[in-house]
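Biologist: I have a new model open on my screen and would like a friendly tour. Could you take my questions one at a time?

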Amino acid sequence: MELNLSPLNLPGIEDKRPIVIAGPCSAETEEQVMNTATQLAKKGIKILRAGIWKPRTKPGGFEGVGEVGLPWLSRVQKELGMLVSTEVATPRHVEACMEAGVDILWVGARTVANPFAMQELADAMKGLDVPVLVKNPVNPDLELWIGGLQRINGAGITRLGVIHRGFSSYDKRLYRNLPMWHIPIELRRRIPNLPIFGDPSHIGGARELIAPLCQQALDLGFEGLLVESHCNPDCAWSDAKQQVTPDVLDFILDKLTVRNTSITTESLEALRRQIDECDSALIELLSKRMRVCREIGHYKREHNMTVVQTGRYTEILDKRGAQGVLCGMGTDFMKTIFEAIHEESVRQQIDILNK
Ligand code: PEP
Ligand code: MN
């Protein structure tokens, strides 16, 4: 199903990269919202984000102030002339936002992972004319992300965009959510005129990662950035570690290099991601080959055979050498590669024979 898209057309926002949406993870108090928004507005930020309803992993945490926070967003619109945006996860959220005149809605990663919830949201959006940004689902499933977009689009919402916020993993290392850049890159290839916002705060989960992740998003030709910024980040009621003050945000944005997008999908960064994927596939294949080698090692041990059988080794070098040359690679290169692979295979089999 093709998407029927129209430009986001955000009032008062120039069509210039990056479109920046910034503000606290959560609206906490009227004072915190006004204070943060005022500082952001002074730095030229024109769109505020603030979560009113917060999806939390476990019960008992701060789940957002709820509807009482919506009038605070209206104050930001009236007094500072900013556009305001928040996350919606239920039909009631959509209705309350529309009543309050929220300018932009986004759908959170946990909601996008649930087709029932997405359909309910889509049904609640029928007949509305509001820009909607759909975050990637928590799991790395491009089809599910596109399915979510199709549902919202099916309700007649054409001012659509997406937010790349990374993907959950069990093993959290550098990133809170793995960027897996090839997924938004593939989305761009499939739906070229869908605006993409990078969310460095939720990918990185740490202040220090915001700047490099913003730059990476721009290097890939993303149209916008959604960044968490709080007047007093250390005291934030949610996501304290990944928020920066409006001053720091301004400093980060100021240092970014905005590059030409004319060759977006074939930019150097995109090509490098492809190289990374090839390398990772190579390693997986090599490890599969070693597993088979070890099985052969067990067979040789049971049958009291020697590890190296020269006839077979020569056959591999000749056969693969010829195949490599046919595929445009040099004879010496093929020889080096296969000698190294053979050496490691022998080492692994010797290990088994001596167990
Ligand atoms: C958020 O933007 O504060 C949020 C809850 O994000 P996500 O849905 O990406 O976890
Ligand atoms: Mn957050």
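Biologist: Which residues coordinate the manganese ion (ligand 2)?

Modeller: This is a predicted model, where local features need pLDDT of at least 70, side-chain atom pairs count only at pLDDT 80 or more, and totals for chains, interfaces and linings use all residues. Residues are numbered from 1 along each chain as its sequence is written, chains are lettered from A and ligands numbered from 1 in the order in which they are written, and side-chain values use heavy atoms, with hydrogens and water left out. Donors are N, O and S atoms within 2.8 Å of the metal (3.2 Å for Na, K and Ca), and since water is not among the atoms, sites may look incomplete. At 2.1 to 2.4 Å, the donors to the manganese ion (ligand 2) are Cys25 (SG), His202 (NE2), Glu228 (OE) and Asp239 (OD).

Biologist: How are the donor residues of the manganese ion (ligand 2) spaced in sequence, and what does the pair Glu228 and Asp239 tie together?

Modeller: The spacing of the donors reads C-x176-H-x25-E-x10-D. Helices (H or I, at least four residues) and strands (E, at least two) are DSSP runs, numbered from the N terminus. Glu228 sits in strand S8 (residues 224-228) and Asp239 in the loop between S8 and helix H10 (246-255), so the pair ties together parts that are eleven residues apart in sequence.

Biologist: Are Glu228 and Asp239 buried or exposed?

Modeller: Buried means under 20% relative accessible area, exposed over 50%, and partly exposed in between (1.4 Å probe, protein chains only). Glu228 has 0% relative accessibility, and Asp239 has a relative accessible area of 18%. Glu228 therefore counts as buried, and Asp239 is likewise buried.

Biologist: Which residues other than glycine have a positive phi?

Modeller: One lies in the segment before S1, and at 60% relative accessibility this residue, Asn9, counts as exposed. Another is in the loop between S8 and H10, namely Asp239. Their phi values are about 50 degrees for Asn9 and near 50 degrees for Asp239.

Biologist: Why is helix H9 (residues 210-219) described as largely enclosed, and what covers its buried residues?

Modeller: Eight of the ten residues of H9 are buried, so the helix is largely enclosed by the rest of the structure. Among them are Ile210, Leu213 and Leu218. With contact meaning heavy atoms within 4.5 Å, the cover includes strand S7 (196-198), helix H8 (200-204), S8, H10 and helix H11 (268-302).

Biologist: At what angle do helix H1 (residues 30-42) and helix H2 (residues 70-80) cross, and which residues make the contact?

Modeller: Axes are lines fitted to C-alpha atoms, for helices over the stretch in contact, with angles from 0 to 180 degrees between N-to-C directions. The axes of H1 and H2 come within 10 Å and cross at roughly 30 degrees. The contact is made by Glu30, Val33, Met34, Ala37, Thr38 and Ala41 of H1, and by Trp72, Leu73, Arg75, Val76, Glu79 and Leu80 of H2.

Biologist: Where is the cis peptide bond that involves Pro18, and what is its omega?

Modeller: Pro18 belongs to the segment before strand S1 (19-23). The bond joins Arg17 and Pro18, with omega about -15 degrees.

Biologist: What is the radius of gyration of the protein?

Modeller: The protein has 13 helices and eight strands. The radius of gyration is taken over C-alpha atoms, and the globule rule is 2.2 Å times the number of residues to the power 0.38. That rule gives 20 Å for 355 residues, and the protein is well over this, so it is more spread out than a compact globule, with a radius of gyration of 26 Å.
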